[in-house]
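Visitor: Could you take me through this structure? I am new to the subject and shall ask as we go.

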Amino acid sequence: MKKRFYLLILIFASLLPNLLFMKFDVKAVISGDFINGQLSSNMRLEYIDNTSQFLFVPTDNGMNLIDPESFKIEKQINLNAKILDYAVIDNIESDELPNKDLILFLESENMPSVVVYSLDSLGKIWTFTTYTTGYNDQSIKMEKKTPIFDYDINQSSVLLVSGYLLYNLDLKSGLENWHYEYQDNIWAATFIGDPNNDQIDDVAISVQPTNVIGLDGLNGKVIWEKQIAKPYQVKIDNKVLGDIKTNIWDLHYLNNNLIATGEDGYITKLSPADGSKISERKILDEIPNLLVYQSYLEGNKLKEISGISNDGVNTYKIINTRIVSEYILVTVFESNRLANFTALTPKMYLINSSTFNVIWEMDINKEIIDLTVNESGDISYFDGTKAFVFNLEDNESVSEILLSNPIGNDGTTPSYSVNPILYKGNLIVNYNTIYKLNIDDPLNPSVINTIGYFDGYDTIIEANNFYKLFYKLGRDDLKTYYAIECFNEINNLLWNYELGNSSFTKYLIIEGMFAFINDENKLITININDSNDVNQYLLPYEETSKFNVFTKAPDFNNDGVLDVLINSEDANFIILNGANLNEVLIDANLNDLVENNDEYYNFIIPAFVEDKKEMYILSSNIITVVSFDDTLNVEVVDEISLGNFSFWFNNQNISKNDDFDNDGYNDTVLRLDSESKNKVIIFYSSESVVGSIDANWDFSLYPIYEDLNDDGKYEIIVTTSGEDEFGEWHTRSEIVNPYVDFNSSDILFVKKFYEGNELTYNSQFKPLTIIDDVTGDGKKDVLVLVDRWGETYLQFYSLDDSITVKKVVPLNISYINKNDMQNSKIGSPGGYIDTFKHDEDMYGIFTIINHGTVTTKIMRMNNFVNMENVININGVIHSFEIHDDKLFYELFNKKNEANFITNTLELDHLMTLNNYEKDKRYKSANLLIKWDKFPDVSTYRIYVDGKLVEITSSCQINLLLSDGINNISIGEVFENGVEQITYFEITADIDDSNYNYIIYTVLLLIGVFILPMKIIKYRRREL
């Protein structure tokens, strides 16, 4: 009787959907409420034309321009690189004003060192990269990007200091005018006017150690060189033991004078014409002995000594100067740890740049986290609890603003940047969120506006589109999404949508719509092809409801369209018409479906069995399978007891959703726990079958899509970590048939690993995969990726023999005996492995550790005989999809483990050589080959017979050929870290007698003349 009454309610509910839903149309509006990435250098207020001022916010993902009035993001430049510094410059695209341009200084392994963007179109104008040439630990000659230490800009040129080099570039084109190389580090550079009257600004640089050098602005030739910084005397008991040289850290050009800031504690005024000293001001009375780093110079010999101190306090002080208006602002930084500045600023000085007189002096006596100086002379700093604001014209009137309440910092751990900026009587600060504060009441400032940061984004690939879902991590690291971007298969942005102050955790792509449930219990749909077509539906739940499930469901109303299931944590659920989400088909509670007073059901999973509407209903101890007929009558089909196991009902319990049986519907994976062991169960959507696999707390499952035992069903790869029967910790990877019954499974293949590396310390990587028969037994084979002492190789097994290694192929073997590689019990899981087919070719994906760096290799395997490495990716592949000739993949970002980077690869990309003919036989042993640079390529990696021989940014290289066929490969390393490799066979026909004579002569010359000189004069710089 109870069940019949319930069914009448279901039918009645389906006839009255509008009682439960309110539908209304909205438009997608980009609110500009969030920034992608984290602040990488200080925010600043800058004008981009004569009237428009913006707050510039640089992050590790790009630059954001915020309107300080509306507090909305108006412009964005997206980069996969950290911005170290930036400058707004006059327009260089044309002579028209008032719009300005932007120069960015980046930290990235493959991106340019400097990029200039138009602040009008946001288009890239030019780029420049600084390199250092050296040798790595394998003696391979390579160019490596070096950071920009300092820069200066005038109307026509830009100076870049990078390592031992100073570059002078044309500001409009980015082309090099000249460069100057010193024998040691260059620390600072500045333009110094035109003292030689040739209509070109000259240059001054400071070098390690002590000296300042004047350079001709026309060609970079040395005009003068002066020793400026004073040596530091090392004393014990007032006895001078020796001295150590100090450096000039800062150079400024002000009022036709050169200002040098010394590590010796002095500020010195120099003549730009000849470097002569005009005057100096001593700032620090005593430099503590930690400056010598436990060593000192006695004559020209380095001596070591311990126990050096200064009045028992190991402290290191350094002065820093900056130009504000016509003044010199001096801050004293101090550290209580060797060579590790804590940003303590005990003193601050304002100095008259003409007379060097001190205008005012401030004893701050507190730890300073941030110090901001505006062009107007407003100075603000933060000590972990308060912001202090004053103007350099009136240092007596200091406002103290208590920030602990509005930004949520109690001052106990002042480790975050705040970067306080005064703007029209308001204060802008950054503390995980950018705040605009009203500071009329300094002890209780109020929040006017905020802009938050995204922690990262997840990528969803569906049909020919992929979606970036930007998230912030909430309680228990639960991802909360605030924005969506939709791209097509060629990586063009189709639309984006920001939720503003709202968010969501559950989403679904169905029938041409991206759908999600926000935190106000509204179901929102966005038309994939028309982002202006956005609808909202109010769900019949309390506002505090949380949801277990939001997914596709069987076709309950038989209209040919899959319906939608929503299941809340309080056991309520609804079925919506998938063709019209405004219509409710079922609204009920799970515990009304199953009459079992001993169990409480609150979790439901749909099954897609042909011609049936079935559901798995879960309690903590029982799985009940129910079926609905066309009139919504409910029947219990099956019950499965979990025995000693039980569910944990929370969102973290779902380990991985994937289509394990390749039926077009995602299956569901949950973990069961007991006192003695753990178990993984899989709910197969189209089978109404519950599979079971033994596993530990740490596990991952991977679908195979292969029927290995001819039972008509697919097997699964499971990796798990735990103790074996002897109590020894190991990683275990198995190929399992989980369909036998709930309490058992059939293990077809098992591989145990008793070691690990930094990549495989847990089981989140798939170390084996199924391949076609290469061992000749007529069955599928298993390919296993193994790591042995840091070297990676492949082992091949027959499916029915997990002990005998049939074949071994090295990936980067240098030191391992091949007999060791044959031993199936030796080695750890080498990383992640997968395969895919493209144009009838088989490709392998191998994520490995190569000389301490995580690299993903994508290889054309050619039946596992001559494997060709076609792509290298600097990072860990998280997931991938193939569409047409393109590979879409998610890259695990090693700098921030919360982030994923989505990239697109063209698998058929090839480069061409300008002076190479495929069928030609070359007579020269030394062949110069040239090629054209492809856009966004940072460097080239040159391989001979598979071995890396050189890394260069040049578009040409000389190759020493041997007689016969030479296998040459050139890898183009793009700015996103991807290396795509093109292979060439160059045939040489060389006269051996003449060739040997040349080689003998060259070796003799090297041995007699060149090598001794290099040993005596040069040190090889290892990168």
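Guide: We shall begin with the whole chain and then turn to strands, rings and one loop.

Guide: This is a predicted model, in which local features need pLDDT of at least 70, side-chain atom pairs count only at pLDDT 80 or more, and totals for chains, interfaces and linings use all residues. Residues are numbered from 1 along each chain as its sequence is written, and side-chain values use heavy atoms, with hydrogens and water left out.

Visitor: How many helices and strands are there in the protein chain?

Guide: The protein chain has 5 helices and 83 strands. Both are DSSP runs numbered from the N terminus: helices are H or I with at least four residues, and strands are E with at least two.

Visitor: And what share of the residues is buried?

Guide: Of its 1023 residues, 53% count as buried. Buried means under 20% relative accessible area, exposed means over 50%, and partly exposed lies in between, with a 1.4 Å probe and protein chains only.

Visitor: Let us look at some strands. How covered is strand 39?

Guide: Strand 39, residues 433–438, is mostly covered, since 5 of its 6 residues are buried.

Visitor: Which strands does it pair with?

Guide: Strand 39 pairs in the antiparallel sense with strand 38 (residues 426–430) over 5 bridges, and with strand 40 (residues 446–454) over 6 bridges. Two strands pair if DSSP finds at least two bridges between them. Leu427 has Leu437 of strand 39 as its bridge partner, while Tyr435 has Thr450 of strand 40.

Visitor: What lies between strand 38 and strand 39?

Guide: The two strands form a hairpin with 2 residues between them, and in this hairpin Asn432 takes a positive phi near 65°.

Visitor: What is the strand order in the open sheet of 4 strands?

Guide: The order is 49-50-51-52, with antiparallel pairing. Strand 49 (547–553) and strand 52 (580–589) are the edge strands, each pairing on one side only. Strand 49 and strand 50 (residues 563–568) share 6 bridges, and Thr551 stands opposite Leu565 in strand 50.

Visitor: Now the rings. How many aromatic pairs does the structure hold?

Guide: The structure holds 33 aromatic pairs. Rings of Phe, Tyr and Trp (its six-membered ring) pair if their centres lie within 6.5 Å; planes under 30 degrees apart count as stacked, over 60 as edge-to-face and the rest as tilted. Phe105 and Tyr151 form a stacked pair, at 4.1 Å centre to centre and 25° between the planes.

Visitor: Why does that pair tie together separate parts of the sequence?

Guide: Phe105 lies in strand 8 (residues 100–107) and Tyr151 in strand 13 (residues 150–153), so the pair links parts that are 46 residues apart in sequence. Phe105 is buried, at 3% relative accessible area, whereas Tyr151 is partly exposed, at 22%.

Visitor: Which charged residues lie over rings?

Guide: Among them, Arg44 lies over the face of Tyr86, at 3.9 Å from the ring centre. The charged end of Lys230 sits over the ring of Tyr266, 3.9 Å from its centre. The rule is that NZ of Lys or CZ of Arg is within 6 Å of the ring centre and within 35 degrees of the ring normal.

Visitor: Lastly, is Asp285 buried or exposed?

Guide: Asp285 is exposed, with a relative accessible area of 66%. Asp285 belongs to the loop between strand 26 (277–282) and strand 27 (295–298). Its C-alpha atom is separated by 9.7 Å from that of Asp264, 21 residues apart along the chain.
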